[in-house]
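Colleague: I am new to this structure and would like a close look at one part. Please take me through the salt bridges.

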Amino acid sequence: MSDQSANSQAIEGAPHSGVPDNLPAAESDLYQPPQSAIANANVANYLDLRHEALADIEAYWDARAREVIDWFEPYEKVLDASGAPFFKWFVGGKTNIAYNALDRHVKMWRKNKLALIWEAEDGERRTYSYYQLWQEVNKFANVLKSMGVQKGDTVTIYMGRIPELAIAMLAVTKIGAVHSVVYGGFSEQALASRIEDAQSKLLITCDGAWLRGKTVNLKDIADEAVKRSPIVHTVIVCQRTMQEVQMTQARDYWWHELMALPIASPVCPSEPMDAEDPLFILYTSGTTGRPKGVLHTCGGYQVYTATTLKYVFDLKEDDCWWCAADPGWITGHSYIVYAPLILGATGFMYEGAPDYPYPNRYWKLVEEYSITILYTAPTAIRGLMRFGDAWAERHDLSSLRLLGSVGEPINPEAWRWYHRVIGQERCPIMDTWWQTETGGCMITPTPVIPLKPGSATLPFTGIDAAVVREDGSTCEPNEDGYLVIKRPWPGMARTVWGDPDRYVEQYWSEFAKQGWYFTGDSARRDADGYFWIIGRMDDVIKVSGYRLGTAEIESALVSHPDVAESACIGIPDELRGNVIHAFCMLNAGVTGSPDLADTLKLHVRHEVGPIAVPAELSFVDSLPKTRSGKIMRRLLKAQVQGLPIGDVSTLAE
């Protein structure tokens, strides 16, 4: 079967509820894929493939592991579930992610293809061919070796959004060490705690980083962190802002000086790594306690992240791919640094903010670099949407063929604006749901699937997702429940660094009897089998016995023309259990007033229902967000209730 109508035929006896038998019929809010997307898709028979994958996930992932990466030594077993929930993938296989991202391309015609295009906030531009990037990675890998870094050692990276960050990551993995990237701009306490937990003896940083025309003093912060973590004996500093910094003799070294020494040879072999050897640690915060060091491993992660990019975004050889995240987050790890390079793509990286110096910066970059696929966060989309259509309409966006959304559920109103104004009603939107712990996209459309604004659509091939009640029974269509993953997948995190008990407790205890991974999110499935992510279970408000997702109320508020962004929290109430307190950021030029608050409450009543009307509504200039753009609703709740705020290491401001 090769066309979409064939894909939509029911498959008799489909083994798992994660696969709908039929695609939805035409409806008023259903966006059909363009025929050109179906005709040119890498995987046109996507629904058939999903059925085949769930019928035999080991055979499916075996085929993908052979398709997307090279192995130094073949694996003996695809999946070892004997130690569940500590699953092992591609047992016995030997590989290296830097080899698959660079070395193998240099041996073929991609040697002179552009691997990375970078633009600085001030307009400076740099490009790297695969050969040039390979040489830079080799040189820095040899520098790390000269500093005593060995296979299995951890290296902490604390830098701005510059090419050297990707080079450092690839160099660390090339020699078999483990990187822990900490987002540039975290406080010294946040950096110190991550260094200490990872036991990193070497830190890579910058003198500073540019953000909205000002510098973030990374080296000063790094110095304070090292004082708190004396385990660090070497600091390598990359020049970016050229500001004056304090260099400690016999500890601190300039990147450019080391790279000019004979030790920085442009040839360095990639270390053969076992598929289950540690690849990187990435810290994700919880509501309380120290951040969790999520561990990904060498084999399964690269198979999964490369497969998802190839299938979800239909990546072609001539695409110019822009993932507008930061390499310091899992989105940047997977879809800026690793997957695009594994697939031999040309990637684009931008240093600055979406609206600096003007709200057309993203659209100017799309036009200038002929970006074909843009993958960004709903918070960026909403932030640019508030400035109106004109900033985008002054630019030629005809190079775009696909759009993407990541980080949190995108409200339907922002989805429609993104589709209409940026995609010019011809670019399908890949609204992806996934987590740091999953390694890559988990619930997502592909370009050949009909889309519903606000829905993450269907589980990816090989992913057995479900929405269940507390007792594990399957929810009815449109019933809110717990989002779980019933079977393992290659990109899954293997443990919490140094704390396997926390890994089990955090992700596998809620449905231990069934052996399911609990995502921590609530969701619902509609009658067509499409998944709608509601948000973190912590973000579900129970009012008078009714469960309301904050995303649903926030979407209603944002659908009003005066509201740019909103956040809702539940406040304890003796009569109703909880009442809703809404916080609204207004569009440029709009002023908050009691009359507007009343209007917005009536709007929510009309859009959602009387039970969802906020008891309180506050107008704010900004909302507390993580540096990856997610709203930290628990901080709003703590502020309103006068409670301790807990871990704020990921807070942007």
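Modeller: Arginine 212 has a relative accessible area of 41%, so this residue is partly exposed, a class that lies between buried (under 20% relative accessible area) and exposed (over 50%), with a 1.4 Å probe and protein chains only. Aspartate 355 is also classed as partly exposed, at 23%. The two form a salt bridge whose closest N and O atoms are 2.7 Å apart; the term stands for a side-chain nitrogen of Lys or Arg within 4 Å of a carboxyl oxygen of Asp or Glu. Aspartate 355 sits in the loop between β17 (346–350) and α13 (361–369), and arginine 212 in the loop between β9 (209–211) and β10 (214–216), so 143 residues separate them. Here helices (H or I, at least four residues) and strands (E, at least two) are DSSP runs, numbered from the N terminus.

The model is predicted: local features need pLDDT of at least 70, side-chain atom pairs count only at pLDDT 80 or more, and totals for chains, interfaces and linings use all residues. Residues are numbered from 1 along each chain as its sequence is written, and side-chain values use heavy atoms, leaving out hydrogens and water.

Another salt bridge joins aspartate 29 and arginine 416, at 2.8 Å from N to O. Aspartate 29 belongs to the loop between α1 (4–7) and α2 (35–39), while arginine 416 is in helix α16 (residues 412–422), 387 residues apart.

Aspartate 389 pairs with arginine 420 in a salt bridge, with 3.2 Å between the closest N and O atoms. Aspartate 389 is in the loop between α14 (378–385) and α15 (390–393) and arginine 420 in helix α16, so the bridge ties together parts 31 residues apart in sequence.

In the whole structure, a search finds 42 salt bridges.
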